[in-house]
Amino acid sequence: MQSGSFEQVAVVISKNGSAAGCKIGDLGKGAGAGKDRKPQDLGPDSGTSVRAKPARTGSLLESDVKVVDASMDEARAAIKKNNFAEAIEILKKVLRYPENKSSAEAQELLGVARLKAGQRAAARTEFEDYLRRYPTGDGADRVRQRVAGILTAEGAAPEKLRGGVDLAGQVKKPGANRETRWSMSGSVSGFYITDDSANTVKDLSTAPNPNADPDAHRSHQNALLANYDMFGTADNDRIKAKFKLAFTQEHQLDRGTDKYGVSTAMVDYTLKEYDLTARIGRQSRNTGGVIGRFDGAVLSWQQSPDLRLNVLAGSPNWSRFDAPFAAGKTLYGASVDFGKWFGVLETSLFAIGQFDRDIVDRQAIGAEFRYFDKNKSALGTIDYDVHFQQLNAAIFSGTYTLEDKSVINTALDYRKVPYLSTWNALQGQPFLTLYDMMKFNTAAEVRQFAIDRTPTFESAMVSYSRPLNETYQIGADATVTNLSGTLPSGGVDGTPASGLEYYLSTQLTGTGIFKPGDLFMGAVRYANLSDSRIYVLDLNTRYPITADLSVSPRLRLGYRTGVGTDLQEMTVLPSFMVNYVWWKGVSLEAEIGTKYVDSTLNNVKSTTKEIFATLGVRKDFGADGVSQCHGTAISCAWAKPAMPATGQSGGSSSPVFAGYAIETGLRYWFSSAKNRYNYYADTTDSMAVSRLNYGGLTGHSGELFFRIDALEGPLANVFVKGYVGGGKIARGKLYDEDFQPFVDPYSMTSSAVSGRLQYASIDLGYNFFQIDRFRFGAFVGYHHWLETVDARGCTQVGGHPFICAPALASDLKVITEQDRWETGRAGVSVEARLLDRLTWQAEMAYAWTAQNAIDTHYFTFGRDPASGWGYGFQAETVLKYELNDSFNIGIGGRWWHFNTDATDTFSQLLRYTTDRYGVFVQGAYKFN
């Protein structure tokens, strides 16, 4: 199987009894498909949904959003004119984009267009696929009515829908046609960026967005960016589940530094019989008083159609680069959802508390409402902090769609930025934690500092958009904002208020002007700010030269004039992007541009010219289908029937182990490591005393590893895996730096290093998603890692006249560094069978670790123990080849990375960065 190269997959595995009792059903039946008919031969009236073919994955670009919105307008207009063939083609293109706000409506309209075009079976297929993907909501109610009408017209009983969905929106109880419908999609991309500040730095001509991701405006210079995201769903009569993972790596070439971030890593699992849903992991939530992303779990119980109870616990997460529970903060909350009142109004009440150990960080109560009908929607939130006794937020937004498809949006926003919390008191202070701050200030003073550091943001917005015809759409919006000032207190200066600031813009969008798929946008923006006036003309296009090649030229012209100053600034920013689909699911993207800025301030003229470029490759993959085998969990395809005690096939096997797959083997790991830490004068990082850099720590180690998978019974899909190993560190180098004024002049010495390492790991996991050639699981576990190195000899390489000058003997032990990491970890594992005997495995885990270090300087201060906490990740991948049914060999790679902060006996901060990475070879034997 090649990923993404098929439309449907049927997998059959018998879990108990004879394998002949579980057979593949004809996925094309009901659509007139014969036994030998291929998916690509299916006509428009077939039983295959247009979404059976994997769509693109990831998030929409801004230009894609415009195309989707314009295409939806075109499709509605085509249906209104009874041009159903055109509407069908437009909607099929919309559904090839990643899941977005228009996907559900597009699939419903596709079914409507097919039905009106006389393609009844195809319409029924789209409607049934819609109900599997979107089983609740007004749209689902409409679609069920349409399917009931189709069934009535066909003379079939309307109580049940084909494919396991009934008219109540529930999946059928176990019957003759049991099935698990699954989907999986994802992407891997890598980009080289010279400078993307022209695109990522906040655009001053647009209104501030208080909901923006804190990482949204990160800029990169001379950097490599890698992104990985994966999304999967599964649904049968007992459960509904999905998982999502989004991972980022940023490597700065100039500094040689790396940053790793996870924006999402969660599993969502629903037990339909009990109406219970659990969502666990790193996730984003903007209801129930939660502010964006957090690490934790949400448990929900749908007591009735009109009542839903929710509880949550976890730790707030500000940036995707933060480790779980990195700041030591926790949150707990509960909410109640009511609806729908009068069929259109949903309401919620919530209470939430956030703590830094036993210090109250935030305590709030609030309410939300959501109103939807066929042409109007409204959302509102009230959040009141009972700890600070202040209003945190009052937010309202509404949308009204007119008969001519014009849309009016309005939004009113009052909120603290950031939301009021005790941690806000740390702004501008020389303390790392609230506990440090409370050594010098009372709780009441800290509470007042938090209030003083937190400004209030107010805004009002109104926008209007209207399709002029099938090709063009116009839009305009106006926004007024005000950011209050902050008061001086606690030795921190206040900030002035911005006053009222105004933003105006108008936009014209055209699609399909010269050929299908082209896009032309022109926008004019004006901003009246407290210190300047800004005028912008933005022209953006995308033109498909061929089906695989498109170009996107863009030109931005800006002019800025100062208020109360003689500032005059002109900006010219042209760019050109090329996107080429090189192979199925593989696309190449390149962009080059320049930024020219000419400015005058205080009669001083300056000119800057910058050239920026981006080059990258992206691989999209995905598949979906139906497994006719059925189980209580998501998967059943990997489970095998228990071998009989007599062992008639595949050799003898004990009945005790018949329900388990066991693999064990030996591995040799060739690795290298870097262990660097800065030593500071106190508990802050304000002044560095010294830096020790252990590099090139070449390791040779052997290890024993194992994995056990439960195939059936109550533990089906559970796995346990681990390894234990050890070896020697053959060689390495230590560079020991001492800084002024503590050592004057500056000193750097070098020493040869050798030592030993030990490590062990144990994980418990569950395979959430499995088909015949692929499985995806999640795990939690414990990892132990101990390294001891001895530095011998000492040579001055920094110019200090006395330290190690002359050099000390090469066999003289001068320093011993021993580090022990005791680590908890949580991650995901993936396994894919690429060929009949070739398998690829990979895993990625977030790690939170306790480090204990002992630094012994034999000729200065002696033994200095330190301890602290940190975070990091552990990644591993291996490619295995089966020599026969039992024995396999493999080659792989592994990388451990930790960042920790520790404090020693002198109450001084040590900041560690540690990596060990390398390649390994292995041999393994499988039982069962």
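A: We may begin with a definition: strands, labelled E, are DSSP runs of at least two residues, numbered from the N terminus. In this predicted model, Phe338 belongs to strand E10, which covers residues 329-341.

Q: Is Phe338 buried, partly exposed or exposed, and why?

A: A residue is called buried under 20% relative accessible area and exposed over 50%, with partly exposed in between. Phe338 has a relative accessibility of 28% and therefore counts as partly exposed.

Q: Which residues does Phe338 touch, apart from those up to four places away in sequence?

A: Contact means heavy atoms within 4.5 Å. With those sequence neighbours not counted, Phe338 touches Asp306, Leu307, Leu345, Glu346, Thr347 and Leu349. As for distance, the C-alpha atom of Phe338 is separated by 8.7 Å from that of Pro305, a residue 33 residues apart from it along the chain.

Q: Is Ser189 buried or exposed, and why?

A: Ser189 counts as buried because its relative accessibility is 8%. This serine lies in strand E3, residues 180-195. Leaving aside neighbours within four places in sequence, Ser189 is in contact with Leu225, Ala226, Asn227, Val617 and Arg618.

Q: Which residues form the nonpolar patch on the surface?

A: The patch is made up of Tyr668, Phe670, Leu834, Leu835, Trp840, Leu879, Ile891, Val919 and Val921, and together they have about 800 Å² of accessible area. Strands E25 (660-680) and E34 (909-927) each supply at least two of the patch residues. Leu835 is located in the loop between strand E30 (808-833) and strand E31 (838-857); with a relative accessibility of 51%, Leu835 counts as exposed.

Q: How many cavities of 30 Å³ or more are there, and what lines the largest cavity?

A: A cavity is a space where a 1.4 Å probe fits but cannot get out. The count is eight cavities of 30 Å³ or more, and the largest cavity has a volume of about 370 Å³. Its lining comprises 26 residues, of which Arg707, Lys721, Gln841, Glu843 and Glu876 lie nearest its centre. Elements giving two or more residues to this lining include E25, strand E26 (688-710), strand E27 (718-738) and strand E32 (862-882).

Notes:
Residues numbered from 1 in each chain as written. Predicted model: local features only at pLDDT ≥ 70, side-chain atom pairs only at ≥ 80, totals over all residues. Heavy atoms only, no water. Helix = DSSP H or I, 4+ residues; strand = E, 2+ residues; numbered from the N terminus. Buried < 20%, exposed > 50% of the residue type's maximum accessible area, 1.4 Å probe, protein only. Patch = residues over 30% accessible without salt bridge, like charges linked within 9 Å, V, L, I, M, F, W, Y side chains within 5 Å. Areas by Shrake-Rupley, 256 points an atom, 1.4 Å probe, with all protein chains shown as cover. Salt bridge = Lys/Arg side-chain N within 4 Å of Asp/Glu carboxyl O. 1 Å grid on protein atoms, 1.4 Å probe; cavity = no way out; pocket = protein on both sides within 12 Å on 5 of 7 lines; lining within 4 Å. Points joined across faces, edges and corners; volume = space filled by probe spheres on them.
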